[in-house]
Amino acid sequence: MRIKKDRLLASIDIGSNTIRLLIAEVSRTGEIRELYSESRITRLGEGISKGKGLDPRAIERTVVALKIFKESADRYHLEGLKAVATSAVRGASNKKAFLSVVKKEAGLVVDVLTGRQEATQTLTGVLAGLRMVPPYCLVMDIGGGSTEFILSKDDKAKAIVSLNFGVVPLTERFIKNDPVGRKDLKNLKDAVIGRIEEAKERIRKTIRIKGKRDRNVGNILPEGTMLIGTAGTITTLAAIDQGLERYSFSRVNNYILKKSSVEKIFSRLKTMTLEGRRNIPVLELGREDLILPGSLILLEAMSHFGFREILVSDYGLREGVLINLQKSLSKN
C-alpha cells in the first residue's frame, strides 16, 4: 500500500548525450521507490561545439524518444511530471525552436536548467542515494556537454563549478583516428588538465573553510572530503571494473572505484578500436567513443584533486528533479 504522503512522479532528463526517464514514488523525506526507468542515447549535443545549434537529425532522434517516454509516463496516474534540459539546449542558438517542437510533438514543457541549477539538483539526487552522507563531499558529474563539481558540507552546496566541457564535444574535437593516436591523446589530455585546474582554482577562490584542509588535495578541500561520481561515464567504469555482463544498479550504486582501476581500464580502452569497445558487454551502444574522454576526465580529476578512490552514485539529476518536484507540490 502506498503511503499517503508519497507522490507518484516522473522526471525526464534531456542530456547532451542521453535522455533518461524515471517514474517513482517519492516520500516527503526524499526517499525514492523506482517503478519504471528508461534511457536512450540520442546524442542531442552532436555538433553543438561547432556553434551551429542543435542538429536537425539530433532533434528528430530526441523528439522520437521523448514521445515514447511521454507515452510510458501516461500509463501511470502521475501527480506530476518534470522535464529538464541541460548544457546542449541551454547553449544552443536554436533553443526556442527545439523547445517548441518538443512541446508540439511530445506534449512536454521543458525547463532549461542553468549550470548552477543542474549542479544543485544533481547534488540533491546523489545524496539521496548514499548509504551515509559524509560531512564533506566533492560531487563530480561528467556529462555529455558539461562537467560539474559540487563541494557540499552537511548536504548543502558550498561551491559549484560548472564547466562547459563534456564527453561529446571533447570526442568531436580531439578523437580523429580509430584507434586513437598518440597526438590526439596528448591534445585531449592537455585540454582536460587545463579545465580540471580551472575547476580547482574556482573552488579555491569560492570556499572559506574553518579547520584543517586535506594535504592530499593541495590544501584546497576540507580534511576528509569524499569524492563522489555520477552519470554514465563513471557508472559504466564501475560496471566494467566489476566485469558485469549486464548493468546492475545494486552492484554499481555505492561502489568504491579505485584510481588504479580507472588507470587500468583507460590503458585498455585507448588501445582498442571502436568495434573492440562495442564488444565490452556492459558498455552501452553509442557510448563506445565517449568512454575514452570520459575516463580521462575522471582520471585527471582524481589525480589533480589527490583522490585514490571515488564513491559511485547511480542517482543524479533525474532523482534530484523528482525530490524538488515533491517539495514544490507539497508546498501548494
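At roughly what angle do the axes of helix H9 (residues 259-269) and helix H11 (residues 291-305) cross?

Reply: The model is predicted, so local features need pLDDT of at least 70 and side-chain atom pairs count only at pLDDT 80 or more, while totals for chains, interfaces and linings use all residues. Residues are numbered from 1 along each chain as its sequence is written, and side-chain values use heavy atoms, with hydrogens and water left out.

The axes of H9 and H11 cross at roughly 150° and come within 10 Å. Helices (H or I, at least four residues) and strands (E, at least two) are DSSP runs numbered from the N terminus; axes are lines fitted to C-alpha atoms, for helices over the stretch in contact, with angles from 0 to 180 degrees between N-to-C directions. The crossing is left-handed, meaning that the near helix is turned anticlockwise from the far one by less than a right angle. H9 contributes Lys259, Val262, Glu263, Phe266 and Leu269 to the contact (heavy atoms within 4.5 Å). From H11 come Ile291, Leu292, Ser295, Leu296, Leu298, Leu299, Met302 and Ser303. By class, nine of these residues are nonpolar, two polar and two charged; Ala, Val, Leu, Ile, Met, Phe, Trp, Tyr, Cys and Pro count as nonpolar, Asp, Glu, Lys and Arg as charged, and the others, Gly among them, as polar.

Helix H3 (residues 95-106) has 12 residues and spans 16 Å from first to last C-alpha, close to the 16 Å expected (1.5 Å times one less than the number of residues). Its buried residues are Phe98, Val102 and Ala106, where buried means under 20% relative accessible area, exposed over 50% and partly exposed in between (1.4 Å probe, protein chains only). Viewed down the axis of H3, these fall within an arc of 35°, so they line one face of the helix; the arc is that of the directions from the helix axis to the C-beta atoms. On the other side of H3, Lys96, Lys103 and Lys104 are exposed. The cover over the buried residues of H3 includes strand S1 (7-14), helix H1 (56-73), helix H2 (87-90) and strand S5 (110-112). Just after H3, Gly107 takes a positive phi of about 70°.

H1 has 18 residues and reaches 25 Å from its first C-alpha to its last, close to the 26 Å expected. Among its buried residues are Ile59, Val63, Leu66 and Phe69, and what covers the buried residues of H1 includes S1 and H3.
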